[in-house]
Amino acid sequence: MFHTALQRLKTLPALVLMAASLSLSAGDLPPAVQAKFVKILAAAAGSPGKVVCKDGDVLGELEKIGVSQDSGSKVAWATGGDVKSMKAAGKFVICSKLDDLPKGGAIAIVEEGGKPQIYLHMGNIAASGVSLADSVLKIGKRL
């Protein structure tokens, strides 16, 4: 009995570390949730109701909530390889992965611990030429 209790005590720190690492890992939110955040952020970035989006799932959800595809918009939703090309086109890029921020993403909307979290890449925000509302700057985590 003492041996079993000692084993549990030894494995407890490992379990705590594993649980902590799982809660810190960022994941994708469902397209409907992403779309709601993109709508709010596009409006805060001066492009209400209009974004550039090549992701069919997110675009479908955006259209359901009154946001249209507009290639002339300064705001873009992008993933993967599209992040670099949208940044090169001078767009304010909203993405779903923290890994896309160094590639040109201005804002990443990710899931952490079951909740949406916003990360800001201040250099890419500045490079896009978009001025964000202070309310967005206050709620996002700066990288």
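In helix H3, which spans residues 56-64, the residues Val58, Leu59 and Leu62 are buried. When the helix is viewed down its axis, these buried residues fall within an arc of 100°, so they line one face of H3. On the other side of H3, by contrast, Gly56, Asp57 and Lys64 are exposed. The cover over the buried residues of H3 includes H2, E1, strand E2 (68-69) and strand E3 (75-77). These descriptions, like those that follow, refer to a predicted model.

Both ends of this helix have features that can be described. The N-terminal end of H3 is capped by Asp55, of which a side-chain oxygen lies 2.9 Å from the backbone nitrogen of Asp57. Just after H3, Gly66 takes a positive phi of about 90°.

Ser47 is found in the loop between helix H2 (31-44) and strand E1 (50-53). Because its relative accessibility is 6%, and the cut-off for a buried residue is under 20%, Ser47 counts as buried. The side chain of Ser47 is joined to that of Ser73 by a polar contact of 2.8 Å. When neighbours within four places in sequence are left aside, Ser47 is in contact with Ala42, Ser73, Lys74 and Val75.

Side chains of opposite charge can pair when their charged atoms come close. Five salt bridges are present in the structure, and one of them is formed by Asp28 and Lys97, whose closest N and O atoms are 2.9 Å apart. This pair links distant parts of the chain, since Asp28 lies in the loop between helix H1 (2-24) and H2, while Lys97 lies in the loop between strand E4 (92-95) and strand E5 (107-112), 69 residues apart. Asp28 counts as partly exposed at 46% relative accessibility, and Lys97 is also partly exposed, with a relative accessible area of 37%.

A salt bridge is likewise formed by Asp82 and Lys54, with the closest N and O atoms 3.9 Å apart. Here too, distant parts of the chain are linked, with Asp82 in helix H4 (residues 82-88) and Lys54 in the loop between E1 and H3, 28 residues apart. Asp82 counts as partly exposed at 26% relative accessibility, whereas Lys54, at 57%, counts as exposed.

In a further salt bridge, the side chains of Asp100 and Lys103 meet at 3.7 Å, N to O. Asp100 counts as buried because its relative accessibility is 4%, whereas Lys103, at 40%, counts as partly exposed.

Terms used: Residues are numbered from 1 along each chain as its sequence is written. This is a predicted model: local features need pLDDT of at least 70, side-chain atom pairs count only at pLDDT 80 or more; totals for chains, interfaces and linings use all residues. Side-chain values use heavy atoms; hydrogens and water are left out. Helices (H or I, at least four residues) and strands (E, at least two) are DSSP runs, numbered from the N terminus. Buried means under 20% relative accessible area, exposed over 50%, partly exposed in between (1.4 Å probe, protein chains only). A polar contact is a pair of N or O atoms within 3.5 Å; within protein, one must be able to donate a hydrogen and the other to accept it, and residues adjacent in sequence count only if both atoms are side-chain atoms. Contact means heavy atoms within 4.5 Å. The arc is that of the directions from the helix axis to the C-beta atoms. A salt bridge is a side-chain nitrogen of Lys or Arg within 4 Å of a carboxyl oxygen of Asp or Glu.
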